[in-house]
Amino acid sequence: MLQGFFLPETVDQATALLAQDPEAKLMAGGATLVAMLNARVIEPAALISLSAIPEIQGISVLPDGRIRIGAFTRHRETAQCTLHLGAAAVLRHAASQIANATVRNMGTIGGSISFADPGLDYPPALVAAQAEVEIAGSGSRRMVAAHDFFQDWYLTALEPGEMVTAVVLPKPQAGAHGVYIKHARVAGDYATASVAACVSAQGQIRVTVGACGPVPIRDDDADALLSEDRSESALARAGALLQARADPLDDVRGSANYRRALIPRLLLRAVRQLALPVGALQ
Amino acid sequence: MSAPRQTLQLQVNGAEAEVRVGLHDSLLTVLRDQLQLTAAKRGCNQGVCGACTVVRDGYTVRACLSLAHGCTHADIETLEGLNQEASMQALQKAFAAESAFQCGFCAPGMLISAHALLLHNPSPDADQVRAAMSGNLCRCTGYAPIVVAVLQAAAHLRAQELAP
Amino acid sequence: MNTATKQFDALPEGAVGQSVTQLESDEKLTGQAQYIADMYRPGMLHGALLQSPHAHALIEGYDLSAAQALPGVRAIVTGMDLEPAHRMGAFIKDEPAMALDKVRYCGEIVAAVAADTEAIARQAARLIKVFYQVLPAALDPASALQEGAPLVHENTDSYIKVFDAGTQGNLCSRTSMREGDLESAWAQCDVVVEQVYHTPGQAHVSLEPCGALAEIDAAGRITLWSANQSVFRVQANVCEALGLPMTKLRCLTPRIGAGFGNKMEAHVQPVVVLLAMKARKPVKLILSREEDFETVRARHPATIRMKTGARRDGTLIARETELLLDGGAYGDDSPGVLGYALLMNCGPYNIAHVHAHGRVAYTHKMRFGAFRGFGVPQVTFASEQQIDAIARELDMDAFAIRRLNMKRDGDRWLGGQSIFSNGLAQCLDAVEQGSGWKHRPAQADTKAANSESRTGMGLAISAHISGLLATGAIVRMLEDGTLLLNTGAVDIGQGSNTALAQMCAQALQVPMDRVAIASPDTDGSPYNWGTTASRVTYMTGRSVVAAAGEVEKQIKKYAGAMMECAPEDIELRQGGSVGIKGVAAASLSFAQVSGYAHWAAGGPIIGSNSWVFDQKTVDPKRAVVLGLPFANIGVFSFVAQVVEVEVDTLSGKVRVPRAWTAADVGRAINPAMVRGQIEGALVQGIGYALTEELVWDGPRLANPSLMDYKIPTMAEVPPSHDIYIVETQEPTGPYGAKSVGELGINAVAAAVANGIVEATGARLTQLPLSAERVYQALYPQDFA
């Protein structure tokens with residue numbers, strides 16, 4: 001059993017500590033973790049800070065053109081990233097709408113997605129952008145598609161002893177674009193419902209709905225429909241397909257009925273903002 | 001069950017500060033209880049209200065959500081340490097002139113956020129001020145005078161820059 | 001009538017009418033201001049609470065052994081430390097310092113611990129075992145009032161009541177007001193609207209959570225600092241709850257981080273005093289935000305059944321209002337809120353035939369109490385929508401119907417009280433002009449193809465009183481001729497210290513820096529009921545001016561003796577001196593006069609005044625009233641408000657891009673502070689209108705946190721808000737002033753609701769007008 005505060009300098013050191021004590025908690029930005037400590041929801045005897053590991057810092061372009069966002073990248077940096085992201089611009093939109101400026105200085109993408117609260121802004125954006133999550137365990141590395149990473153309420157593909165080291169976005173295409181539509185009660189609130197939408201240079205659309213179930217929601221048929229046809233009836237049919245997959249909660253942010261009803265409406269707004277004429281084919 | 005307390009060296013307001021902290025102590029607890037720096041307030045302890053906002057390495061953070069242990073390699077600035085700064089004084093003057101506070105509980109956090117905004121963006125417009133400071137809650141003023149005060153301070157500081 | 005007023009039409013040099021910066025400005029803006037949580041006393045312990053997990057349960061026993069055994073624990077208190085007979089309460093003395101024998105709401109204080117650190121205290125509190133026998137709970141007012149409902153208080157007959165409350169079973173209080181002949185009046189009406197409205201609990205969310213610090217001295221006397229709106233209410237509540245004589249308790253005030261009503265009556269003060277007495281050391285206890293949400297108080301949830309009738313020409317003839325307030329587990333200010341809401345239910349209109357009646361029900365929920373507006377936001381949400389609905393049915397302009405029916409000179413309020421100054425007409429003119437109401441686009445024009453939003457404007461008007469109960473002021477001239485003002489009025493951030501000092505300086509014609517204002521202290525300050533009911537400027541201001549008048553008399557008497565002339569020949573001069581009228585050279589400074597008084601003859605110059613608001617609310621020849629808890633209430637201020645709303649037709653979300661508010665405040669003692677109250681009240685009103693709602697999950701509050709309970713952020717504020725201050729010079733007011741503190745919140749929700757009707761055709765009758773509720777009104781088929 002570990003006790004105290006640890007500051008590993010490499011990913012291997014961090015995962016070695018985790019292997020020693022699976023009860024130890026990783027701390028990235030710390031915002032979510034410390035809020036839970038303050039509320040005494042958790043009381044871990046050991047905390048492993050990830051703030052001193054260079055490998056998980058920063059946003060870079062990989063040799064094959066994919067974009068690698070280190071797990072310790074703050075929301076502020078993701079929101080202000082000036083790299084051409086193509087369809088993954090949806091991630092910039094989502095990051096910029098998380099909470100408020102001060103929380104964006106603290107929170108990180110790795111910490112956020114590891115927590116996997118379905119109300120978060122990253123999950124639907126990453127799924128729509130076809131991102132991959134880079135995971136490290138003791139002596140092992142693997143990549144998991146974002147769609148497979150988010151598995152249930154607060155449950156991800158991370159096995160015990162593993163940590164997120166980066167998020168990798170596909171190589172950006174010129175002419176591709178992405179938007180994130182968030183409906184919340186006030187600025188900075190968690191989403192009541194959200195829609196992330198990406199369009200490729202060829203006009204292929206991928207939409208993902210957030211905060212309407214345990215994981216981000218998408219539907220291949222809905223994507224196919226919208227890629228062919230953006231008329232009101234196509235939007236309605238795509239919206240219905242997504243609604244059918246939704247499993248929203250009743251909570252103070254909205255009733256399940258309302259969240260379901262919002263899906264086609266936010267979808268309409270997302271598609272409009274993608275700046276494709278509704279009703280006309282590419 | 002609590003872990004044994006540890007002695008840490010923090011950098012606060014340009015000086016070394018030695019504190020004894022538990023593993024789970026937040027920076028806010030340490031600032032207020034051990035260093036008697038009570039300008040940062042506890043309004044919610046969840047990071048929502050913004051009354052605990054301080055500056056860390058040039059960016060605003062929530063002291064209530066910052067682990068004390070995680071601050072040992074950081075430069076922490078609180079309102080007490082910024083009172084002599086020209087930019088903070090311009091903000092304080094403008095807040096007073098525009099009645100941009102009433103009960104004053106949110107004021108330290110507001111001033112910190114405004115100070116940091118002007119550091120990174122010396123010429124914000126009203127929308128940018130509102131977006132940058134939407135994480136600081138106020139229940140008394142209705143916010144409008146705060147926006148005016150920040151814009152006024154920004155204009156004053158820009159004019160000073162231009163003056164010989 | 002107390003003649004302690006001075007009319008100064010034009011005083012270019014005076015402090016009154018100037019936007020003087022708040023006296024506490026420097027300390028607040030440099031972070032040096034000391035609020036209760038910032039205070040430390042030598043040897044201080046830290047307190048923590050244990051809250052009830054049940055809404056209704058008998059307490060069968062406690063096991064404190066594990067808690068007591070924790071190192072660092074110094075004292076534990078429970079209901080066992082209380083006498084059952086000791087109860088506090090503003091109108092009905094039904095409330096113990098903490099739960100005794102039974103718990104009556106989830107979150108009620110059951111025990112408290114004092115320990116070396118807050119962490120130990122909280123840990124110890126969690127180790128306290130309480131043995132409960134859970135009982136069925138009455139969770140909503142309507143069912144609580146039914147035969148056979150679980151009783152919140154078994155023995156209400158044994159409680160002291162300060163008025164004819166009619167308390168029985170779960171009926172906490174009942175009130176009725178009647179004018180004219182309502183039953184026959186309906187027959188005269190060409191148009192009748194009837195509707196039921198629902199308004200939720202609203203949390204104050206002062207940025208500063210509640211807290212207190214108590215210290216016992218060697219003589220056993222207690223000094224108590226707390227986040228409060230009245231040191232005298234703290235004193236009375238603690239002494240009643242603990243059975244102490246008032247001479248044993250001294251209540252003081254640190255800087256206060258706002259209140260809005262939350263801190264007017266007791267919160268943790270009795271428990272903290274009890275802890276300090278047991279531990280024999282100072283104890284400080286600060287509530288967490290969650291505890292503040294759950295334990296203290298909130299705005300009354302209300303069900304309002306309202307019926308209004310008018311003639312074809314728009315004349316309002318009849319009004320019936322039936323009000324049911326959820327009072328929660330303890331009476332607190334509930335009877336006052338009920339009575340006041342009924343008194344104000346018609347709004348500032350002449351309606352000849354009125355029956356307004358209501359009840360407060362005890363329920364097993366947190367107590368509901370004073371919150372800015374004190375019942376008026378609730379009834380105005382209903383009333384101003386009904387006026388609007390009648391106007392629409394008659395195809396009448398919203399301003400026209402209001403002008404036709406509004407109170408004018410000589411009109412009296414419901415119940416019969418006279419109105420001495422009335423700026424409604426000017427207020428309506430100002431917002432009509434300012435908003436461009438007459439030129440606003442017709443509904444059809446705002447609907448563009450593929451448009452994702454619709455806009456509309458809404459109007460609402462309201463009123464509020466300032467007055468109520470007792471206040472006093474003492475002005476002392478110090479040896480050097482400077483002045484010390486002591487009123488006992490707590491400045492909770494609204495700037496009363498500054499405004500009262502302005503009035504004192506004006507009255508004696510000295511610059512502001514010659515006046516100091518003492519901090520409220522039950523030992524040294526004259527009684528002041530509290531900072532509530534928008535009363536301090538008017539009530540305490542009048543006392544200040546009167547006390548200053550006493551000082552002026554004494555100055556003139558001594559100056560006359562010193563200069564060998566009659567006091568009538570002495571005049572005050574600007575800057576702190578007196579002289580003989582017409583003889584410029586003959587003058588004495590205040591310092592000289594004070595020196596004479598102190599050392600030669602007469603004694604130190606002390607001016608004092610005390611009074612109780614004395615205008616009768618009810619003229620029994622005009623109205624039949626039952627159970628109204630206040631005989632004398634206050635003078636009336638008025639407000640008119642227009643908002644522009646923008647409804648997102650995809651999500652139902654409403655924003656308010658522009659607003660116009662005109663307020664008749666009598667006289668703006670400090671215009672910047674008057675504007676500050678109106679700005680703040682608009683935003684708090686927008687929260688009430690659009691996003692704020694306390695939600696219960698069975699017996700438990702579901703959203704006691706700022707994550708889940710959302711108040712407006714800077715991003716939700718109308719980027720444009722024009723404020724018009726109307727000054728009608730209230731003849732009974734100090735320098736003509738009335739009030740502004742609550743006025744600005746009363747009409748907001750109604751104005752927004754009326755704006756939504758214009759934008760979308762949908763009239764909503766339940767607050768908040770959340771995106772979901774608006775969506776449901778626009779697309780009911782989606783919820784079928």
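**Figure 1. An aromatic cluster with members from chains A and C.** In this predicted model, ring pairs join Tyr258(A), Tyr775(C), Tyr779(C) and Phe783(C) into a cluster. Tyr779(C) also takes part in a charge contact: the charged end of Arg265(A) sits over its ring, 3.8 Å from the centre.

**Figure 2. The aromatic pair Phe368(C) and Trp696(C).** Over all chains, the structure holds 19 aromatic pairs. In the one shown here, the ring centres of Phe368(C) and Trp696(C) lie 5.9 Å apart, with the planes at 70°, so the pair is edge-to-face. It links distant parts of the chain, 328 residues apart. Phe368(C) is in the loop between strand E15 (353-362) and helix H10 (376-393) of chain C. Trp696(C) belongs to strand E27 (residues 696-697) of chain C. Phe368(C) has 0% relative accessibility, so it counts as buried. Trp696(C) has a relative accessible area of 22%, so it is partly exposed.

**Figure 3. The aromatic pair Phe399(C) and Trp437(C).** This pair is edge-to-face, at 5.1 Å centre to centre and 75° between the planes. Again, distant parts of the chain are linked, here 38 residues apart. Phe399(C) lies in helix H11 (residues 398-405) of chain C. Trp437(C) lies in the loop between helix H12 (424-435) and strand E16 (453-467) of chain C. Phe399(C) counts as buried, at 0% relative accessibility. Trp437(C) counts as buried too, at 3%.

**Figure 4. A cis peptide bond in chain C.** Most peptide bonds are trans. The bond joining Leu767(C) and Pro768(C) is cis, with omega about -10°. Pro768(C) is found in the loop between helix H18 (748-760) and helix H19 (771-778) of chain C.

**Figure 5. Positive phi at Asn13(B).** Most residues other than glycine have a negative phi. Phi of Asn13(B) is positive, near 55°. Asn13(B) is in the loop between strand E1 (6-12) and strand E2 (15-21) of chain B. With a relative accessible area of 26%, Asn13(B) is partly exposed.

**Figure 6. Positive phi at Tyr735(C).** Phi of this residue, Tyr735(C), is near 55°, a positive value. Tyr735(C) is in the loop between strand E29 (720-726) and helix H17 (743-746) of chain C. Its relative accessibility is 1%, so Tyr735(C) counts as buried.

Definitions and conventions: Residues are numbered from 1 along each chain as its sequence is written. Chains are lettered from A and ligands numbered from 1 in the order in which they are written. This is a predicted model: local features need pLDDT of at least 70, side-chain atom pairs count only at pLDDT 80 or more; totals for chains, interfaces and linings use all residues. Side-chain values use heavy atoms; hydrogens and water are left out. Rings of Phe, Tyr and Trp (its six-membered ring) pair if their centres lie within 6.5 Å; planes under 30 degrees apart count as stacked, over 60 as edge-to-face and the rest as tilted. Helices (H or I, at least four residues) and strands (E, at least two) are DSSP runs, numbered from the N terminus. Buried means under 20% relative accessible area, exposed over 50%, partly exposed in between (1.4 Å probe, protein chains only). A charge sits over a ring if NZ of Lys or CZ of Arg is within 6 Å of the ring centre and within 35 degrees of the ring normal.
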